[in-house]
Amino acid sequence: MTITADEFRTSIDPDDELARLLVSSQKLSYDPQTEVDWDTPLDPSHYGLNPEWSTLYGTPLWDEMTEDQRVQLTRHEVGSIMSTGIWFEMILQQMLLREQYTTDVTSSEFQFALTEIADECRHSLMFARACQAMGVPHYTPARPVVEAARALKTVAANEVAYGSILVAEEILDVMQRDWMRGENVLPIVRTTSKIHVVEEARHMKFARHEIRQHLEGVSALRRRQSAWVIATAAYVIVKSMVNPAVYEAVGLDRKRAVAAAKANEHHHNLMRLSCVHLMDFLSEAGLLTPAAMRRYRAAHML
């Protein structure tokens with residue numbers, strides 16, 4: 001028998017943060033198959049993401065590009081980010097399943113973890129369909145990154161698993177909060193961004209809760225080691241978000257475009273601003289060590 005959110009709320013401890021997240025997921029979740037308008041033709045003037053978030057915005061190369069190239073580039077960039085998001089969501093789901101393998105099934109932790117996995121499955125399908133609708137190819141991280149990630153998803157546990165999840169979610173969250181408000185952004189990107197922002201807010205709270213729990217009473221050495229692994233995962237995720245092939249897809253010289261993006265201070269500043277709250281949390285948790293900070297600076301997250 002299905003119970004309502006109100007009935008469920010009366011049966012839980014009001015101080016149980018994870019139980020409250022379960023209630024929230026019952027009250028506010030979306031079905032992308034019906035919430036997103038998949039059938040309306042795409043307006044050729046609409047960008048894939050706010051132009052300001054393009055890796056080339058603010059560079060001389062951006063000024064040289066035609067308007068059509070700019071529109072197409074942002075569509076390929078958001079498609080690459082979505083594809084990378086799907087790749088990481090696949091990793092996330094496997095880490096969560098391993099973490100909950102023998103957890104008490106009656107606990108809020110177990111039930112919310114599986115709720116999150118269900119959310120991530122819907123998100124991956126949503127992003128896949130958005131890429132298909134925009135006509136962008138399947139962009140994947142570099143082969144060494146894909147293979148290294150196999151090790152991460154196999155061995156990462158405790159605060160490392162949840163820390164890696166958190167950094168990926170936090171970065172995308174800030175970007176999508178801008179995209180969902182962009183009047184010149186494709187409606188399918190705006191709507192998928194809104195769905196992701198709303199549902200990922202719960203996932204980020206869950207990750208922070210688990211990180212705090214797993215770090216209670218740990219040694220300084222373990223904290224330093226975990227901080228470095230999480231920072232390394234963040235570095236790889238950020239560097240993998242926009243595949244260099246997106247530049248060739250819109251007729252740009254790949255080598256010149258990659259160099260322009262690498263030197264783009266406007267985009268670097270946006271990345272640093274998007275990570276302010278993340279860095280505050282990592283500092284509070286004792287995960288912003290000198291070694292980790294070097295990694296974050298190299299990725300323009302700090």
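User: Is Pro 187 buried, exposed or partly exposed, and what is the relative accessible area of Pro 187?
Analyst: This is a predicted model, in which local features need pLDDT of at least 70, side-chain atom pairs count only at pLDDT 80 or more, and totals for chains, interfaces and linings use all residues. Residues are numbered from 1 along each chain as its sequence is written, and side-chain values use heavy atoms, with hydrogens and water left out. Buried means under 20% relative accessible area, exposed over 50%, and partly exposed in between (1.4 Å probe, protein chains only). Pro 187 is partly exposed, because its relative accessible area is 47%.

User: Which helix holds Pro 187, and how far apart in space are Pro 187 and Val 36?
Analyst: Helices (H or I, at least four residues) and strands (E, at least two) are DSSP runs, numbered from the N terminus. Pro 187 has its place in helix α9. Although 151 residues separate Pro 187 from Val 36 in sequence, their C-alpha to C-alpha distance is 8.3 Å.

User: How many helices and strands does the protein have, and what is the radius of gyration of the protein?
Analyst: The secondary structure comes to 15 helices and 0 strands. The radius of gyration is taken over C-alpha atoms, and the globule rule is 2.2 Å times the number of residues to the power 0.38. For 302 residues that rule gives 19 Å, so the protein is as compact as a globular protein of that length, with a radius of gyration of 20 Å.

User: What share of the residues in the protein is buried?
Analyst: The C-alpha trace spans about 60 × 45 × 30 Å along its principal axes. Of the 302 residues, the buried ones make up 53%.

User: What is the geometry of the aromatic pair of Tyr 57 and Trp 62?
Analyst: Rings of Phe, Tyr and Trp (its six-membered ring) pair if their centres lie within 6.5 Å; planes under 30 degrees apart count as stacked, over 60 as edge-to-face and the rest as tilted. A search of the whole structure finds 4 aromatic pairs. In the pair of Tyr 57 and Trp 62, the centres are 5.6 Å apart and the planes lie at 65°, which makes the pair edge-to-face.

User: Which residues do ring pairs link into a cluster?
Analyst: Phe 112 and Phe 206 form an edge-to-face pair, 5.1 Å centre to centre with 65° between the planes. This pair links distant parts of the chain, helix α6 (residues 108–134) and helix α9 (residues 187–215). Both Phe 112 and Phe 206 are buried. The cluster linked by ring pairs consists of Phe 112, Tyr 162 and Phe 206.
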